[in-house]
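These are my notebook entries on a single structure. I set down what I looked up, entry by entry.

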Amino acid sequence: QVQLVESGGGLVQSGGSLRLSCAASSSTYGMGWFRQAPGKEREFVAAITWSAVTTYADSLKGRFTISRDNAKNTVYLQMNSLKPEDTAVYYCATSALSRLTSRGNDYDYWGQGTQVTVSS
């Protein structure tokens, strides 16, 4: 079983930046970030393979960047130009698949989430 611990969330003003981190208890293949806003369904944010191939939700391209440090079993999400609509709980997850996937059902382990709040 893989344990995931997210950190880096918080309160930021519109236009600001945050970097989320997710530390895994062991090495993983695919890793992804998802988010869930109050009253909304969980949505895909970004994913990255072991070899650092990435994919993003179309609406977030250019503002968010996913990266990973395999030596530290850690994945990051750099979020720039944040907007109030980015407010959500952000979750990281791991997938045993070697290919990129945006489907939540393809991810096996999930972190507890970290709150990101963007004020206007």
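**Cysteines and the disulfide**

I checked the two cysteines for burial and found that C22 is buried, as is C92. I take buried to mean under 20% relative accessible area and exposed over 50%, with partly exposed in between (1.4 Å probe, protein chains only). The model is predicted, so I note that local features need pLDDT of at least 70 and side-chain atom pairs count only at pLDDT 80 or more, while totals for chains, interfaces and linings use all residues. Residues are numbered from 1 along each chain as its sequence is written, and side-chain values use heavy atoms, with hydrogens and water left out.

I then searched the whole structure for disulfides (a pair of cysteine sulfur atoms within 2.5 Å) and found one. The bond joins C22 to C92, with an S to S distance of 1.9 Å. The link of C22 and C92 is right-handed, with 50 degrees about the S-S bond. Because C22 lies in strand β3 (residues 18–24) and C92 in strand β9 (residues 88–95), the pair ties together parts that are 70 residues apart in sequence. Strands here are DSSP runs (E, at least two residues), numbered from the N terminus.

**Aromatic rings**

I next looked up ring pairs of Phe, Tyr and Trp (its six-membered ring), with centres within 6.5 Å; planes under 30 degrees apart count as stacked, over 60 as edge-to-face and the rest as tilted. The count comes to four aromatic pairs. The ring centres of F34 and Y107 are 5.1 Å apart and the planes stand at 80 degrees, so this pair is edge-to-face. F34 lies in strand β4 (residues 30–36) and Y107 in the loop between β9 and β10 (109–110), so the pair ties together parts that are 73 residues apart in sequence. F34 is buried at a relative accessible area of 2%, and Y107 counts as buried at 6%. I recorded one aromatic cluster formed by F34, F44, Y107 and W110.

I also looked for charges over rings (NZ of Lys or CZ of Arg within 6 Å of the ring centre and within 35 degrees of the ring normal). The charged end of R42 sits over the ring of F34, 5.6 Å from its centre. The charged end of R19 sits over the ring of Y76, 4.3 Å from its centre.

Which residues of β7 are on its covered face? I found F64, I66 and R68 there, with T65, S67 and D69 on the uncovered one. Strand β7 runs antiparallel to β8 (residues 74–79), joined by six bridges; strands pair if DSSP finds at least two bridges between them. R68 stands opposite V75 in β8. The two strands form a hairpin with four residues between them, and N73 in the turn has a positive phi of about 50 degrees.
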